[in-house]
Amino acid sequence: MVKRFGSTVALDGLDLSVARGEIHGFLGPNGSGKTTTIRILLGLLRQDGGAATLLGGDPWRDATELHRRVAYVPGDVSLWPNLSGGEVIDLLGRLRGGLDEKRRRALLERFQLDPAKLGRTYSKGNRQKVALIAALASNVELLILDEPTGGLDPLMEAEFRSVIAEDRREGRTVLLSSHILSEVEALCDRISIIREGQTVETGTLAELRHLTRTNVTAEVAVDPTPLAHLPGIYDVRVDNHRVSFEVDGDQLSVALAELARLGTSSLVSHPPTLEELFLRHYRQAPPL
Amino acid sequence: MDPLLGTLRLTRLVLRLDWPRLLTWVAVLAGFPILTAGAFVELYADAASRNGLVATFGANPAYAALLGPIYDSSIGALTAWRIGVIGGVLASLMAILLMIRHTRDEEETGRRELLGATVVGRYAPLAAALLIVIGTGALIGGLVALGLLQLELPQAGALAYGLGVFAIVIVFAAVGSVVAQLTHGGGTARGLGMAILGLAFVLRAAGDASGPEFLGWLSPLGWFTRLRPFAENRWWVLLLSGTLSLVLAMLGFALASRRDIGAGVLSPRAGPERAPTSLNGPFGLAWRLQRASLVGWTAGLAVIAALYGTVANNVDELMSGNPQLAAVLEALGGTEAITATFFAFTAGILALFASAYSVRTALRLRVEEENQRAEPILATATPRAAFMASHLLVAIAGSAVMLGVGGVIMGATYGANVGDVAGQLVSVSGTVLGQAPAVWVITGAAAALFGLLPRLTPLAWALLVACLVVGQLGQILRFPQWLLNLSPFTHLTAGSGFLPVAVLLGIALVLLGAGFGGFRARDLATS
C-alpha cells in the first residue's frame, strides 16, 4: 500500500498479511506508519496506491459490513466527557452489533474498571481499559489493537495477555501493534517489522531469528584471531582466550567447525533477543 | 515561585497561535460601529432626517427594548443607539468565549498540564488569558474611537464610545475568568457564561423598555447605554465596569489558586454503569451529546421571545395614540402594519439565534472528528452517512423546535396583552417558523464545509455574521438590493409566498447533499 499526506509519504509500498486465527505483531518505530496502516484497514483513510483486503472485503467500500466482524482499540482513546465508561462500552458494543454480557461482566472484573465514572475523570490507562473491554466483549472475528497497553500497569498488562491468549484459543485473529517486546514475544505467532512505510521483516519469531545473527561467546585454547577472517562473522571481540562474535545463521556451522579446531573449552550461544532484532531494524539507515 | 512567572511568554504563545481568530473579532467589532456611523454620515446628513428617525423610534419602548433608548439626534448618538447593544452583546460573547478557550479548554485537553509542569506560575495562564482578551478589547475600543474621530464626530463622544466597548469587554473577560474556574468542562463553562450574558441582556432590555429603570443598572450591557456616548458622556458610569471587573477578576484568581488543575469548583457526579436503551446508535449518541445544549439554547430563545412579545404591545398603543406617527411607521414598514414589521424584525433575530445554534450543532461533527471521537464510532458498523446525519438531524430539527417555541411564546405573550391569544399565536409563530428554510440553508452550508472543506468549517460562522450584518443593518444603511439578496433571510418576508421557501429548501438540500458526498469520499482527520 501507498499513502501520502500532502508531500509526506506515510506508507511507501507497505506489505502486510495476517492469517486467520493468528496473533500478528505489528512493530515499527514511532511515525513508521503503523497507525496509518490500521486506519486504512478500517476504511477511515483511503490508500493512494496498492490494495487492501480485510476478511475478504474492500476496507473502504465494504466498511460498514466488515466492521460488524471487527473490533478496534485506538492507541490514544478519547472518550466523551459526559458519558460514563459503562455507557461507552455498551454504546460501542451495540454499534458493532452486540455485546457478550457475560464477558462484559468478567472483563470489568478482571481489568478492575469502575464503569460509573464519567469519561473526563478517567486516567489514560482507564480510558484504554474502556476501549479494550468494549472491543474484547464483542463477538467479532478480528481484533485490531493499536498499542493497546500503552497506559496499563504491569498487573493489567498481564491480564491483557491472558485474555488475548484465551481469545487465540477461541480462534480469533488479532493484529497487535505494540512497542512492548515481551508482550509481542509472549503473544504473537508472527510479526511484521515496518520502518518508514515499508515492511522490513515478516515471519515467525523463529524465522526472523534464523535469518539473523546468533551471538556466540567461547573460551578457546589458541589465539582466536583467525575467526575474524571467516565470512559471515561480525563484531569479533578478543580478550585473551575468550572470544565473542555475531554470526549469520547460514554460517553458523562453519564458525562452529572453526571453534572446534581452535579447541573450545566452553561455549555460550543465544539467538538474538527480539530487542536486538528490533534495534537492528529500527536503527538501520533507509535503503537508498 | 512568582505566581505570575511566565505570563508574558504564555501571552506570546497565545498570540502566535490565535491571532487570526483575534483579528477577526477585532475587525467585526470595530468595523460594526465605524461602518454604521459612516453610513449615517452619508444617509442622514441633514438634521431633519435624523429627527425623523428619533421621532419614529425614540419614544417606542419596543425598539428601546431591542436596541436601547435614543439620547440625542446626533450621528454619534444614533450610532450608539443602533449598534451599541448588538455590538456589546458580540463583544461580551467574544470575551467569554476567548477566556474559556484559553483557560478551561486548555486544561481539558491536558495542554495546560504540560505547561504547568514547566516554569510557569500558578496565576500565569489565567493572567495571560486576561491580558489577551483585555488587550483585544483595548484594540477594539481604540480603533472604534479613532474610526469615529476620522468621521469628524465629537472627540468626547468617540472616546466615550470606545471606552464603553472596552468596558464591556473587560467586565465579561472577568466573568469568563470566574466561570472558567467553576466547572469541569469548557462546554458547561460556556453555557454558564452565555446564561449570564442572557441575563444581562434581559435586564437591560427590561430597564430600557417599560420595566423599572434600575433593572438596566444591574446589567453591564445597560451601562453602555447609560454611559450615553455622544449625548451626556457620563464618564462616571465607567467606574462601575472597572470596579466590577476588578472584583470578578480577583474572585477568578482566588478560585484558580484554590483548586487543582483540571478540577472545577463544582465537582462532577458519577454516571450510570449501563447505557440506557436509547443510547443504541449514532442518533442516540448525537441526541445524548446535544440535548443539554438544545435545552439551554431553547430556554435562552424563549426568554428573548417572551420579552419581545411583551414589549410588542407598546407598538400598538403608541400607534393608536398618534395617527401622525402611525403614518410615518406605515411608510417605513411598507404596506404592512408596524406590529407585523416589528415581528418580522424580531423573527429575524430569533432566526439568527437559531442559526447560531444549528451551525454550532452541525460543526460538532468536526469537533468529534478532530478530537478522535469519530474514529471509534466509524470503526464500528456505523456508516459515515449515519454519523453525519445524526448530528445534522439534531441541528435541523433542533433549530425548528427553537423557532416553534420562540414563535409560540412570542405570539402567546403578545396575544395575552392584546386579548387575542389564539389568533396571534398562529400568525406570530407562522412568521417565526417561516424563517426555518433560511436557517437550514446556513446549516447546509456548515454541512457542505464539513464534507468538502473540513479545514474551513469556521467559514460557516463568517457566513452567519454576514447574514447578521445584512439583516440588522442592510435596510437602515440602504445596502444595494443584490447584496441584501445574498442573505437567505432577506427572501422570507411576510407574503413572499411559497416560491422562495421552495428555492431555499432546494439550496439547503443541495448543500447537505454536497456535504454528505464530500464526507463519504474523504479521509478522516488524523491527529
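Of the 527 residues of chain B, 50% are buried in this predicted model. The secondary structure of chain B comprises 23 helices and zero strands. Along its principal axes, the C-alpha atoms of chain B occupy a box of roughly 70 × 55 × 40 Å. The radius of gyration of chain B is 24 Å, which agrees with the value near 24 Å that a compact globule of 527 residues would have. Among the contacts in chain B that link residues at least 6 apart in sequence, 76% are formed between residues at least 24 apart.

Chain B is divided into two parts, domain 1 (1-267) and domain 2 (278-527). The centres of these domains of chain B, taken over C-alpha atoms, are separated by 25 Å. At the boundary between them, 20 residues of domain 1 of chain B are in contact with 20 residues of domain 2 of chain B. On the domain 1 side, at least two residues each are supplied by α1 (7-43), α2 (47-58), α3 (61-67), α4 (75-102) and α9 (186-208) of chain B. The largest share of this side comes from α9(B), with five residues. By class, the side of domain 1 of chain B that touches domain 2 of chain B has 13 nonpolar, six polar and one charged residues.

Chain B also meets chain A, with 32 residues of chain A in contact with 29 residues of chain B. Within chain A, α2 (63-67) and α3 (85-96) each provide at least two residues of the side that touches chain B. The largest share of that side, eight residues, is drawn from α3(A). The side of chain A that touches chain B is made up of 15 nonpolar, seven polar and ten charged residues.

Most residues other than glycine have a negative phi. E152(B), although not a glycine, has a positive phi of about 65°. The position of E152(B) falls in the loop between α7 (124-150) and α8 (155-182) of chain B. E152(B) counts as exposed because it has 10 C-beta neighbours inside 10 Å, and the cut-off for exposure is 12 or fewer. R228(B), likewise not a glycine, has a positive phi of about 50°. This residue, R228(B), is found in the loop between α11 (220-227) and α12 (237-258) of chain B. R228(B) is buried, since 20 other C-beta atoms lie within 10 Å and burial requires 20 or more.

Definitions and conventions. Residues are numbered from 1 along each chain as its sequence is written. Chains are lettered from A and ligands numbered from 1 in the order in which they are written. This is a predicted model: local features need pLDDT of at least 70, side-chain atom pairs count only at pLDDT 80 or more; totals for chains, interfaces and linings use all residues. Helices (H or I, at least four residues) and strands (E, at least two) are DSSP runs, numbered from the N terminus. The radius of gyration is taken over C-alpha atoms; the globule rule is 2.2 Å times the number of residues to the power 0.38. Two residues are in contact if their C-beta atoms, placed from the backbone, lie within 7 Å. Ala, Val, Leu, Ile, Met, Phe, Trp, Tyr, Cys and Pro count as nonpolar, Asp, Glu, Lys and Arg as charged, and the others, Gly among them, as polar. Domain bounds come from an automatic or database domain assignment.
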